[in-house]
Amino acid sequence: MASVPNTVYKHLHHLCTSEDSRPNSLQRLATRSSLSYKARIVAAPCKWCSGGPQQRSHVHICSSLPPGIGQDILYTGAGFAGAYAWVRIFDILGEMGLLEQNLSRKLIHVSTGLLYVLIWPFFSPTPWSRLFAISIPVANAIRLAVNGFGIFKDEGFVKSISRGGTSGELLRGPLYYALALTCCTVCFWRDSPVGMTAIAIMCGGDGVADIIGRHFGTVKLPYNSSKSWAGSMSMFGVGCVLSLSLVKYFSTLGFYSVDWTHAAWSITFISLLATVVESLPISNFLDDNISVPLVSIIMGMVLFSDLL
């Protein structure tokens with residue numbers, strides 16, 4: 001058997017003794033552990049930016065953003081796109097004659113606020129996440145104001161939102177609606193049932209009351225001939241169901257914890273009081289999109305004071 005040259009033997013002996021006096025097996029283990037640890041350090045920033053060497057530039061961008069801001073930007077963009085597309089669908093249905101204008105307006109009234117609340121949990125848990133969420137109703141309010149003042153006029157948008165098809169109407173009920181969504185987001189966000197209960201009653205309860213009242217409201221209220229028993233009862237029932245559903249949705253996701261007996265009675269009382277206020281003959285000087293969320297918020301703050 002050929003012997004190992006003396007120079008090679010000395011070189012190997014030097015590597016194994018002078019640099020590291022541990023046995024070779026321990027040296028190999030340490031080397032692998034070190035490489036694994038370094039790999040984990042390098043891979044950690046790439047958790048949300050993986051995709052191969054061609055995307056290395058994204059690692060620096062993602063790691064330089066504050067935590068959660070990318071998530072908030074993503075869902076804010078999705079909210080804007082969804083809101084525009086949703087209203088546009090009703091515009092097209094109206095243009096095609098498949099949906100009557102007043103029904104289209106009320107379906108938008110019912111659905112947009114509720115869909116807006118349903119995306120709240122997708123925003124990050126950071127303090128600034130509500131600012132991103134607020135931008136959606138604020139942008140809608142600006143769009144309403146621009147069209148309402150005649151600075152820019154989108155005929156399809158005006159017809160699908162307003163009661164009589166005139167742009168000036170956008171500065172009343174629809175604008176109050178967007179401002180109510182903004183107020184509930186700013187003041188309560190997803191940490192309390194108060195804001196979402198007010199939105200559920202304003203959007204779902206009040207919106208469905210108009211639809212049901214127009215189609216089945218033959219028996220009018222004795223103190224207000226423009227309101228019916230069918231509309232008021234539907235507002236109360238739908239307001240209760242939607243409010244409880246939203247509270248269940250957010251409590252299940254862990255945003256807060258409620259005593260369900262207390263919550264059920266509180267929401268029932270809030271819905272009943274909001275229904276009574278909506279039925280009063282005061283809409284000529286106080287819009288329902290102001291009175292209904294206002295009374296819901298006040299009573300909610302009283303009955304859910306332990307969660308504020």
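Asp191 counts as partly exposed, at 38% relative accessibility; the class lies between buried (under 20% relative accessible area) and exposed (over 50%), with a 1.4 Å probe and protein chains only. Asp191 forms a salt bridge with Arg130, the closest N and O atoms being 3.8 Å apart. A salt bridge here is a side-chain nitrogen of Lys or Arg within 4 Å of a carboxyl oxygen of Asp or Glu. The model is predicted: local features need pLDDT of at least 70, side-chain atom pairs count only at pLDDT 80 or more, and totals for chains, interfaces and linings use all residues. Residues are numbered from 1 along each chain as its sequence is written, and side-chain values use heavy atoms, with hydrogens and water left out.

**Overall make-up**

- The protein has 12 helices and 2 strands. These are DSSP runs numbered from the N terminus: helices are H or I with at least four residues, strands are E with at least two.
- From the N terminus on, the order of elements is α-α-α-α-α-α-α-α-α-β-β-α-α-α.
- Of the 308 residues in the protein, 39% are buried.

**Salt bridges**

- The structure holds 6 salt bridges.
- The bridge between Asp191 and Arg130 has its closest N and O atoms 3.8 Å apart. This pair links distant parts of the chain: Asp191 is in the loop between α8 and α9, Arg130 is in helix α6, and 61 residues separate them.
- Arg130 is partly exposed, with a relative accessible area of 22%.
- Asp91 bridges to Arg88, again with closest N and O atoms 3.8 Å apart. Both residues lie in helix α4, 3 residues apart, or about one turn of the helix.
- Asp91 counts as buried at 6% relative accessibility, whereas Arg88 counts as partly exposed at 32%.
- Lys227 forms a salt bridge with Glu278; their closest N and O atoms are 2.8 Å apart. Here too the pair links distant parts of the chain, with Lys227 in strand β2 (residues 224-228) and Glu278 in helix α11 (residues 260-279), 51 residues apart.
- Both Lys227 and Glu278 are buried. Salt bridges that share partners join Lys227, Glu278 and Asp288 into one network.
- Lys227 has a relative accessible area of 15%, so the residue is buried.
- The side chains of Lys227 and Glu278 are also joined by a polar contact of 2.8 Å. A polar contact is a pair of N or O atoms within 3.5 Å; within protein, one must be able to donate a hydrogen and the other to accept it, and residues adjacent in sequence count only if both atoms are side-chain atoms.

**Aromatic pairs**

- The structure holds 8 aromatic pairs. Rings of Phe, Tyr and Trp (its six-membered ring) pair if their centres lie within 6.5 Å; planes under 30 degrees apart count as stacked, over 60 as edge-to-face and the rest as tilted.
- The rings of Trp120 and Trp189 have centres 5.1 Å apart and planes at 50 degrees, so this pair is tilted. Trp120 sits in the loop between α5 (101-118) and α6 (129-148), and Trp189 in the loop between α8 (173-187) and α9 (193-216); the pair links distant parts of the chain, 69 residues apart.
- Trp120 is buried at a relative accessible area of 0%. Trp189 is buried at 3%.
- Phe250 and Phe255 form a tilted aromatic pair, 5.6 Å centre to centre with 55 degrees between the planes.
- Phe250 counts as buried at 0% relative accessibility, but Phe255 is partly exposed at 25%.
- One aromatic cluster is formed by Tyr116, Trp120, Phe123, Trp189, Tyr249, Phe250 and Phe255.

**Charge over a ring**

- The charged end of Arg143 sits over the ring of Phe157, 3.8 Å from its centre. The criterion is NZ of Lys or CZ of Arg within 6 Å of the ring centre and within 35 degrees of the ring normal.

**Nonpolar surface patch**

- Trp86, Ile89, Leu115 and Leu118 make a nonpolar surface patch of about 320 Å². Patch residues have over 30% relative accessible area and no salt bridge; like charges are joined within 9 Å, nonpolar side chains (Val, Leu, Ile, Met, Phe, Trp, Tyr) within 5 Å. Accessible areas come from the Shrake-Rupley method with a 1.4 Å probe; for residues, only the protein chains shown count as cover.
- Helices α4 (69-95) and α5 each supply at least two residues of the patch.
- Ile89 lies in helix α4 and is partly exposed, with a relative accessible area of 41%.
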